[in-house]
Amino acid sequence: MIDYERLLNGKIKNTKPSGIRKYFDMAETMDNVISLGVGEPDFKTPWVVRQEAINILERGRTNYTANSGLIDLRKEISAYINRKLGLSFDPKSEIIVTVGGSEAIDLAIRCIVEPGDEVLICEPSFVCYRPIAELVGGKVVSIETKAENEFRLTADELKSKITDNTKLLILPFPNNPTGAIMTRADLEAIAEVLKDTNIAVISDEIYSELTYGEKHCSLAQIGDMRERTIIVDGFSKAYAMTGWRLGFLAGPKPLIEQMLKLHQYAIMSSPTVSQYAAIKALKECDADIEKMRNEYNARRRYLVDAFNRLGLDCFTPKGAFYVFPCIKSTGLTSDEFCEKLIMSKRVAVVPGNAFGGCGEGYIRVSYAYSISHLKEAIRRITEFLEELKG
Amino acid sequence: MDELIRLLKQNARMTDDELAVMLGVSADEVRKMIAKLEADGIIKGYSAIIDEAEYDPNSVFALIELNVTPQSQSGYEEIARQIASYDEVASVRLMSGTYDILVEVIGANIRDVSLFVSQRLATIDAVQSTATHFVLKAYKDNGIIIDGEEKDERSWVIS
Ligand SMILES: Cc1ncc(COP(=O)(O)O)c(C=O)c1O
């Protein structure tokens with residue numbers, strides 16, 4: 001009989017399934033669950049974008065595109081980055097259209113990290129960086145961002161983790177799950193630490209369009225940091241296009257040209273219909289983003305206020321669509337809190353430790369839900385906390 | 001102001017305190033802004049959005065196009081005001097294009113609406129002709145989807 005254990009790559013066998021899965025499995029089997037769990041917009045993709053996809057299908061554009069993506073799309077992405085960050089990237093050699101920000105992250109990590117290399121990851125953060133880095137033999141070094149610093153990365157913390165083996169820093173801001181952002185001043189301090197090193201940075205800016213009261217700033221905008229920064233961005237969050245599976249990488253040519261080889265062999269090209277539709281999104285949907293951002297902003301304020309009133313300290317996030325309240329005052333662990341909450345009140349949230357050990361004591365609450373949905377959830381959480389007190 | 005109006009259009013029953021939190025201002029400021037919008041005649045009132053078909057399955061909703069001879073003194077104003085004063089009339093609008101005035105009428109049944117058109121509207125001297133269109137089904141009203149709630153189709157995936 002075949003021995004699957006001996007067949008499989010030991011590293012993937014040792015990779016833990018994401019901590020979020022458990023609660024989602026529970027939620028899936030229950031009725032009347034109010035979810036605050038998912039990390040994708042509740043809005044539909046703007047109609048003009050959907051219409052464009054229909055047109056493209058009608059015209060039968062169903063072939064592969066160039067490996068790095070439609071040139072017209074890369075030109076639009078280049079113009080977009082220029083508009084937002086004031087940086088120029090050559091559409092021909094410095095941009096790859098990827099299957100979501102997810103593939104962009106995968107490409108960037110795999111093309112840089114070799115066994116033994118140290119990879120610095122700010123945590124709490126999105127769940128995919130660590131397993132990918134570890135799969136290629138990288139040694140992950142976590143940098144814990146802290147509530148007292150508004151979950152920003154500080155220069156001192158960064159400096160203390162850098163060794164001769166450090167090759168890569170993952171800088172995920174605006175942050176999932178904390179909602180933290182890095183201001184220009186914060187990034188200047190980080191640039192100061194990095195400038196005499198040979199460390200590359202993956203700047204995951206997938207939530208760059210969703211900042212409140214402060215415009216997004218990229219590390220690539222600071223001094224000569226562009227030469228070491230690989231920007232990951234995409235259409236999922238900004239344009240409510242998660243299911244279209246489209247993102248991009250922008251970075252210096254010597255890095256991008258190697259990453260293109262992996263993309264070419266692993267993926268060929270990103271979904272064609274999505275690429276045409278994305279051109280439309282970049283050209284015509286600024287106003288749609290603005291509308292969604294305003295709506296998220298009202299919800300964000302509502303939730304921060306509600307959690308603080310409930311005695312669950314909640315720092316005011318300035319980005320993404322999550323709040324990250326502290327639940328230590330309940331005496332429960334994140335896992336216990338989430339499990340009890342879903343069992344007794346049918347509200348699904350995600351334990352903070354799913355995003356790195358240092359997320360323990362927190363929960364991630366998504367506000368990609370309507371205000372009336374959020375209100376009902378808060379009503380149930382209020383009851384839950386009262387019953388906990390007994 | 002824009003944000004306040006947007007939130008009120010979404011749900012006018014939110015309290016001043018709730019609005020204040022969502023706008024990041026004080027409740028006092030919200031009250032002042034609302035008072036000003038009301039005083040300036042920008043907010044005309046607050047009403048519930050009713051799915052009429054659900055509320056009373058017999059009720060009918062009609063759009064009536066009128067061709068009207070403008071009056072020498074008042075143009076369309078006086079006739080429009082006259083039509084607007086009927087309780088059955090939900091809205092009156094002066095239009096560009098092939099007809100002049102569009103009237104929305106709600107009635108208890110088709111007969112009611114037909115009688116209203118023939119006895120109240122068609123009899124106005126300046127009204128030259130009418131065309132009545134009965135609404136078969138409403139999908140969206142006042143920016144709100146009323147044809148069933150949209151289901152949350154998002155999967156429980158890790159993101
Ligand atoms: C921080 C972060 N980066 C990247 C992604 C990947 O998104 P996508 O592959 O849909 O572009 C996500 C999705 O949740 C995310 O939260």
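Reply: In this predicted model, Ala240(A) is buried, because its relative accessible area of 6% falls under the 20% cut-off. Its place is in the loop between β7 (229–234) and β8 (247–250) of chain A. The backbone there deserves a look. Ala240(A) is not a glycine, yet its phi is positive, at about 55°.

Arg245(A) is found in the loop between β7 and β8 of chain A as well. Its phi is near 55°, again a positive value in a residue other than glycine. What about its exposure: is Arg245(A) buried, exposed or partly exposed? Arg245(A) counts as partly exposed, because its relative accessibility is 31%, which lies between the limits of 20% and 50%. One of its polar atoms lies 2.8 Å from an oxygen atom of the ligand.

Now the ligand site. There are 14 residues around the ligand. Those that come nearest are Gly101(A), Ser102(A), Asp204(A), Ser236(A) and Lys237(A). The surrounding residues come from chains A and B, so the site is shared between chains. Two polar approaches can be traced atom by atom. Gly101(A) uses its backbone: a polar atom of it is 2.6 Å from an oxygen atom of the ligand. Ser102(A) uses its side chain, with a polar atom 2.5 Å from a ligand oxygen.

Follow the chain on to the helix. Helix α6 of chain A covers residues 100–112. Where does α6(A) meet α10(A), and at what angle do the axes cross? Helix α10 of chain A runs over residues 253–266, and the two axes come within 9 Å, crossing at roughly 115°. The crossing of α6(A) past α10(A) is right-handed. On the α6(A) side, the contact is made by Glu103(A), Leu107(A), Ala108(A), Arg110(A), Cys111(A) and Ile112(A). On the α10(A) side, the partners are Gln258(A), Met259(A), Leu262(A) and His263(A). By class, this contact holds 6 nonpolar, 2 polar and 2 charged residues.

Back to β7, from its other end. Ser208(A) lies in the loop between β6 (200–204) and β7 of chain A. Ser208(A) is buried, because its relative accessible area of 11% is under 20%. The side chains of Ser208(A) and Asp233(A) are joined by a polar contact of 3.1 Å. Beyond neighbours within four places in sequence, Ser208(A) is in contact with Tyr80(A), Pro174(A), His216(A) and Asp233(A).

Pro174(A) brings in another backbone feature. The peptide bond from Phe173(A) to Pro174(A) is cis, with omega near -5°. This proline lies in the loop between β5 (166–171) and α9 (184–194) of chain A. A cis bond also leads from Glu123(A) to Pro124(A), where omega is near 0°. Pro124(A) sits in the loop between β3 (118–123) and α7 (129–135) of chain A.

First, Tyr362(A), in the loop between β11 (350–351) and β12 (363–366) of chain A. Tyr362(A) is buried, with a relative accessible area of 9%. Leaving out residues up to four places away in sequence, Tyr362(A) touches Ala147(A), Phe151(A), Phe324(A), Pro325(A), Cys326(A), Ile327(A), Lys328(A), Ser334(A), Pro351(A) and Gly352(A).

Second, Arg299(A), in helix α12 (residues 286–309) of chain A. How accessible is Arg299(A): buried or exposed? Arg299(A) is buried, because its relative accessible area is 2%, under the 20% limit. Its contacts, not counting residues up to four places away in sequence, are Asp42(A), Phe43(A), Tyr367(A), Ala368(A), Tyr369(A), Ser370(A), Ile371(A) and Leu374(A).

Asp31(A) is 340 residues apart from Ile371(A) in sequence, and the C-alpha atoms are 21 Å apart in space. Asp31(A) is found in the loop between α3 (21–28) and β1 (34–35) of chain A. Asp31(A) counts as exposed, because its relative accessibility of 64% is over 50%.

How values were computed: Residues numbered from 1 in each chain as written. Chains lettered and ligands numbered in written order. Predicted model: local features only at pLDDT ≥ 70, side-chain atom pairs only at ≥ 80, totals over all residues. Heavy atoms only, no water. Axes fitted to C-alpha atoms, helices over the stretch in contact; angles between N-to-C directions. Helix = DSSP H or I, 4+ residues; strand = E, 2+ residues; numbered from the N terminus. Left-handed = near helix turned anticlockwise from the far one by under 90°. Contact = heavy atoms within 4.5 Å. Nonpolar A, V, L, I, M, F, W, Y, C, P; charged D, E, K, R; others polar. Buried < 20%, exposed > 50% of the residue type's maximum accessible area, 1.4 Å probe, protein only. Near = heavy atom within 4 Å. Polar contact = N/O pair within 3.5 Å; in protein donor to acceptor, adjacent residues only side chain to side chain.
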